[in-house]
Amino acid sequence: MGGKKSSQPDKNIISILLVDDIPENRENIKKLLGFEQDFKVIGTAGTGREGVEFAKQHKPDIIIMDINMPDMDGLQATEIITRQVPRSAIIIMSVQNDSDYYRRAMGAGAKDFLTKPINMDEMYNTVRNVYKKHESVRRFHDELESGKLADILRPQKEEVEGERAGHVIVVYSPVGGVGKTTVATSLASGLMKEDVKVLLIDADLQFADVGTFLNLTPQSTITEVAEDVNDLDTELFENIVATHDSGMKVLTGPTRPEFADAIWERPETISTIIQKVRGSYDFVVVDTGSRLDPTLSNILQEATRVLLVGTPTLVSAKNMRFVLDLFDQAGFPPEKTAIVLNKVMEERKGAKTPTIPPEKFQSYLKRNVLGILPLIDERLVLAAINRGVPFIGSDRDVNKPLIKQLHGLADTLFTELMTDPEDEKGAAGDDTTKKKTKSGIAGLLGR
Ligand SMILES: Nc1ncnc2c1ncn2[C@@H]1O[C@H](COP(=O)(O)OP(=O)(O)OP(=O)(O)O)[C@@H](O)[C@H]1O
Ligand SMILES: [Mg+2]
């Protein structure tokens with residue numbers, strides 16, 4: 001007893017922000033939450049905007065959020081907080097008990113949904129469940145803040161066990177919808193050549209799109225593989241994951257967003273899969289979601305390259321800069337990251353939309369811009385997807401601008417990684433030739 005500083009937040013007390021526009025509701029719920037020993041309502045807000053401000057300042061463990069509010073509604077506020085204060089987990093409450101609202105709430109990033117009139121026992125349980133499930137994410141962000149970041153993101157020594165080079169290319173963006181999945185699927189199929197083995201992993205657990213993009217209905221998804229990841233057999237793995245027409249192997253994501261939780265709760269799941277299987281492939285391409293969380297940071301530790309995808313806008317530049325600053329603070333080697341700009345518009349005289357020229361991106365972000373992909377008619381992207389082939393796979397489209405650029409991106413990476421200077425050292429007569437040269441594909445480079 002005694003010595004404990006009172007300013008120190010108690011680890012076992014769940015801090016809660018309550019956002020509801022009706023003062024009476026706020027007071028009632030606050031009072032009822034106060035009866036629970038392990039809860040502490042640290043603030044209340046009457047509009048979405050106030051809620052966002054409070055969340056940014058105090059980063060509560062849990063936010064209980066009404067949907068219908070003046071100023072900014074609960075769904076919008078949820079979207080902003082999920083992006084800007086990922087430490088906090090949001091529970092939406094609403095009178096609307098229909099699946100559309102539920103879907104929209106979860107889509108905005110809410111972790112659970114309560115229907116009014118509120119049953120307090122249900123609320124107590126939900127708060128405790130969500131708090132527990134969000135624990136690893138919360139700890140991750142607390143460690144980020146407290147400067148322990150370097151230990152979290154620091155890349156481990158790459159040691160690839162197996163016959164193949166096992167290069168891991170992670171495609172990431174902190175922003176949704178910029179083209180991560182488009183780039184990842186096309187890159188993976190672009191890397192496929194004779195005697196080259198490629199595995200594409202869908203690590204976007206919440207919005208797993210790769211299966212849809214490639215028109216695959218596999219018997220086993222990441223959910224099943226994750227179940228006994230510690231006893232993963234690489235041969236069995238090769239047989240149960242999906243095979244695309246191009247021959248590449250695809251580990252598709254969860255078939256339902258709810259299945260993501262089981263993997264988020266054990267954030268080393270996907271990185272363990274990668275460690276175990278990478279030596280059987282020349283390239284492992286990983287599509288990700290936009291969350292910067294422990295699952296992602298574990299995956300990043302396995303990365304040979306991280307492709308940061310963005311669009312040529314100010315917001316995108318700012319977000320990429322934020323991520324790269326984090327990487328820098330963590331001591332993540334800058335040469336491992338490169339930029340891919342997507343949806344770049346051709347310059348037109350008198351064009352009103354201000355887009356940033358790629359050279360500016362390069363100097364602002366101090367990273368190599370590895371690919372510049374043009375904005376095309378969205379219907380063409382969809383058509384290609386509907387055919388079940390990423391653009392790059394269909395030869396007759398080879399001269400279309402986007403496809404040409406995607407080919408170029410795959411070829412650049414292929415050349416860069418497969419002629420690793422360390423490999424050349426090894427090839428030059430050193431007995432301790434690195435495993436990376438084993439796949440014997442160097443000859444392909446002379447294409
Ligand atoms: N170069 C492009 N030109 C036009 N549309 C594009 C281009 N690249 C991607 N798109 C379209 O933009 C949308 C988002 O692309 P995609 O799903 O690849 O992004 P994402 O970053 O993976 O998104 P999410 O965050 O939802 O996973 C899709 O409808 C896709 O067809
Ligand atoms: Mg995606």
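Predicted model: local features only at pLDDT ≥ 70, side-chain atom pairs only at ≥ 80, totals over all residues.

Biologist: Which residues of α15 and α16 meet?

Modeller: From α15 come Ala317, Met320, Arg321 and Leu324, and in α16 they meet Phe361, Tyr364 and Leu365. The residues of this contact divide into 6 nonpolar and 1 charged, with no polar residue among them.

Biologist: What makes β2 and β5 the edge strands?

Modeller: The open sheet is formed by 5 strands in the order β2-β1-β3-β4-β5, and the pairing is parallel. Strands β2 (39-45) and β5 (112-115) each pair on one side only, and they are the edge strands. Neighbouring strands of this sheet are turned by 25° against each other on average, if direction is ignored.

Biologist: How do you know that β3 and β4 count as paired?

Modeller: Two strands pair if there are at least two bridges between them, and strand β3 (residues 62-66) is joined to strand β4 (residues 89-94) over 5 bridges, in the parallel sense. The conclusion is therefore that β3 and β4 pair.

Biologist: What is the value of omega for the cis peptide bond that joins Lys116 and Pro117?

Modeller: For that cis bond between Lys116 and Pro117, omega is about -5°. Pro117 itself lies in the loop between β5 and α5 (120-133).

Biologist: What is noted about phi of Asp71?

Modeller: Phi of Asp71 is near 75°, which is a positive value in a residue other than glycine. You will find Asp71 in the loop between β3 and α3 (74-84).

Biologist: Which residues come nearest to ligand 1?

Modeller: Of the 21 residues around ligand 1, those that come nearest are Gly176, Lys180, Thr181, Thr182 and Val381. The elements that give two or more residues to this shell are α8 (180-191), β12 (337-344) and α17 (378-386). By kind, the residues of the shell around ligand 1 divide into 8 nonpolar, 8 polar and 5 charged.

Key
Residues numbered from 1 in each chain as written. Chains lettered and ligands numbered in written order. Contact = placed C-beta atoms within 7 Å. Helix = DSSP H or I, 4+ residues; strand = E, 2+ residues; numbered from the N terminus. Nonpolar A, V, L, I, M, F, W, Y, C, P; charged D, E, K, R; others polar. Near = placed C-beta within 6 Å. Axes fitted to C-alpha atoms, helices over the stretch in contact; angles between N-to-C directions.
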